[in-house]
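Hi everyone, thanks for coming. I'd like to walk you through one model this morning, so please have a look at it with me.

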Amino acid sequence: MKFHYVFILLLFAVLTFLLSCNDEPSSIGIEILESDFIIVKTFDSQVDTIEQNTSFFKRVVPLGSSAWVLIGKYQTSSQELASSALMKFIFSLPDSIEEAITNDSLNVLDSWVILTNSYVYGDTLATMNFTTHQVNSNWNSNTFTIDDLPSLQYNPDDASSEFSASDTLYSFHLDENLVYSWMQNTVDTSLAKNYGIYLEPTEASNKIVGFQALTSTSSEAAKLFVVIEKPGEYVDTINGLILADVSAVAGSEPNLPSGLIAVQSSVTLNSKLNFDVGVLPVGLVINKAQLILTSDSINSVYGSSYNSTLRVYYLNTNDSIKTEGNPITLSYKDNQFSGDITGFVRSWVSKNENFGMLIEAGNQLLGTDLFVLRGSNYSEIAERPRIIITFTVKKNL
Amino acid sequence: MTTLSVAQNTSNYTRYGIGDIYYGYSARTMALSFSGSAMLNSDYVAILNPASWSALTRTRIEFSFSYDQLKLSNSTDTRYYGDGIFRGFTFAFPVSMDNGIAVAFGLVPYSRVNYESVENVQDESTGNYIQTYDGVGGLSRIFIGGTTQLPYDFILGATLDYYFGNLNYYSKVEFLNSSQFPSEYQLQFAPTGFGSTIGIITPNMSDLFDGSSISNFRLGLSANWISDLETDTTFVSRSSTIIDSLYFGRTDMVIPIRLNLGVHITLNNVYNFALDYFYQKWTDFKLSSINQLNLSDVNKFSLGFEYRPARVLSMNFLEQIMWRGGVSYEMSQYEFSGYELHQFSVSGGFSLPISPENTFDVGLEYAVRGSKENDLLQENFFRIDLGISFGDIWFTRYEK
């Protein structure tokens, strides 16, 4: 009777052997499945017909979180820029000094501000001077823009002196009474106001200089030094602390040749780009989409250092700058900016709505770099914005 | 039907119609090359003809598991695939042996789709990618039925069937460059509906061969009818997180009637011969009122032999083994480019007694379908079917 157990075991052994005979799936007989075939295609706006349009426009954005404070003027036949700045210093005073201020027994002998150069836009050999004015109205660096500048109240008298400029540092002395009033404000806000200073470029200025601004990481923001004296007791130098700074950049839209669009940081210029993807077949799946923009190097103007990328946002409403999601970075190579916008195109196709893309500078709060690009109406079709879409569509769909 | 593995075991032919058709589920039936629709079975449950349950003497529970090995070839290449599946179970019991009344129910597969083709595509413009086409699923059948004896000892059997299943066809593209999103299209049919199998077996007409060794001679006829199946249809595209429904709706699937005609002869009470003919007009298969391409009418001839030793006390193990064999020729339901696919098969098997009413059944089949010529595929199947048949006297009512 043991025979049948041996027999059953033998069968399972054969089965185990057979189970190991399994090749990887292959293309054998794939032609039989022709009705299910899917086709991978490429759509290239340079080869295939697609409607596109571009435009550019000026926006006003707060620059308070920029890493640079911009001061100066820049003027060419195509564009005029003027940037001024606001700064506010505070003090952290020991009790002895606060007591001396309260007793009005402290003198400010001297005070000066040092600004560290980080950036130059325009001719580096050109001059850039500015005047300094006591501000008499409140401002907030997080919200202040060029549009708020006309309503800013400030003393027209120049509160600075002994202006000095080098390749790396700018410095100027401040009116001692102004600085003393800030110290009084530190002790008791009822004694004096502290709205900071307004730095306005002079007419003779013809470049814009970017100074290191207050950031969470930099130690090179504006520095205030104050020499104080308590008669008969001591003479000392203390530091004021930068509390807030912000630039206000005024600029017109550049006067560009036909067919060009522009993107500029700080001013701020943005472009809109739209491709009519309705020409793509129904039921497709977008596998990849690449956007290529050609730079117009003749009309582009860059500063001494700049972020050589552009950022593209997905626009989620028409006629607006309301964007959605994270931007796509377009990197620069061989006079072209390119990047992967697969997510955008997939969304346009799946939602069946397309409000286009918003293009801005890689860091639109930094510098005043002007990126001029070949637009949808540019004379050379091959240099217009280009979209290359790899997509899949099922046969017989 | 429940599938234990998703490895490929059928060819791309199963893309058409509802895939490969199962004529039976058990090792015994497969060993007989799916013949035996005229056989009255006292100790196992066949589904070719419900009238065959009339002779059951015990309550029976049967399970079956199959392993299929496929050698798939075209004119240039050969591949081997294997897959195991659960082939179903049945439960049957006699109600009145005197009146030939028995009841049975079960869950068995009706068809199966299971293929996968993969192709590497070199394309400079789009980037290299892998295309995959696969199909998986099938139609299953739950049935409950019974038999009764008619005047003149004719036996009638009938079932009420419920059909359900999913037929999924995928087309996928996966790029080798990971920055490109993959694509997938899925076409799914989910048919459901009722049907019936009605069968009849004649009385023993061995008297016609007076004086010969023929102890049993019967004819059998069965017809399997399926109502128009309501079929939920969805067609979606997928790519990473995006799922787009391109179509969804409900349509009808029309599966043609299957006819099965058989004859059974027993010689010397131990040698059984069965000859069966199947016909199913697959050219009438319709989905959304449209006839499908690449389908042809099935004509299948099966010849089976079974040695069933007479039960005698003191038989040893080997003497109790039932042996089976069979051959079949089939003009299958597939036709490509005007070439109808034919299938030839030989089969064999045996039943090992576990106890007087319980057996461990083994069925083996080797089949060849198709051709390497004319851009077609040749399939060489080797199938092993293992089944267990338990018999007991539950529910059995004995006449006083």
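So, how many residues does the contact take from chain B, and how many from chain A? It takes 47 from chain B and 37 from chain A, where two residues are in contact if their C-beta atoms, placed from the backbone, lie within 7 Å. On the chain B side that touches chain A, there are 23 nonpolar, 16 polar and eight charged residues. Here Ala, Val, Leu, Ile, Met, Phe, Trp, Tyr, Cys and Pro count as nonpolar, Asp, Glu, Lys and Arg as charged, and the others, Gly among them, as polar.

A word on the ground rules. This is a predicted model, in which local features need pLDDT of at least 70 and side-chain atom pairs count only at pLDDT 80 or more, while totals for chains, interfaces and linings use all residues. Residues are numbered from 1 along each chain as its sequence is written, and chains are lettered from A and ligands numbered from 1 in the order in which they are written.

Let's pick out A:Leu33, in the loop between helix 1 (2-19) and strand 1 (38-44) of chain A. Helices (H or I, at least four residues) and strands (E, at least two) are DSSP runs, numbered from the N terminus. Leaving out residues up to four places away in sequence, A:Leu33 touches B:Asn12, B:Arg15, B:Ser117 and B:Tyr133. Is A:Leu33 buried or exposed? It has 20 C-beta neighbours inside 10 Å, so it counts as buried; the cut-offs are 20 or more for buried, 12 or fewer for exposed, and partly exposed in between.

Now to chain A as a whole. Its domain assignment, automatic or from a database, gives domain 1 (38-59 + 268-394) and domain 2 (68-251). Their C-alpha centres lie 40 Å apart. Six residues of domain 1 are in contact with 10 residues of domain 2, and that side of domain 1 divides into one nonpolar, five polar and no charged.

What about the largest nonpolar core? It has 96 residues, and A:Ile71, A:Phe211 and A:Ile286 are among those with the most contacts inside it. Such a core is a set of buried Ala, Val, Leu, Ile, Met, Phe, Trp, Tyr and Cys residues joined through C-beta atoms within 7 Å. Both domains of chain A give residues to this core, so it lies between them. Beyond its neighbours within four places in sequence, A:Ile286 is in contact with residues including A:Val345, A:Phe391 and B:Phe181. A second, separate core of 58 residues includes B:Ile21 and B:Phe34.
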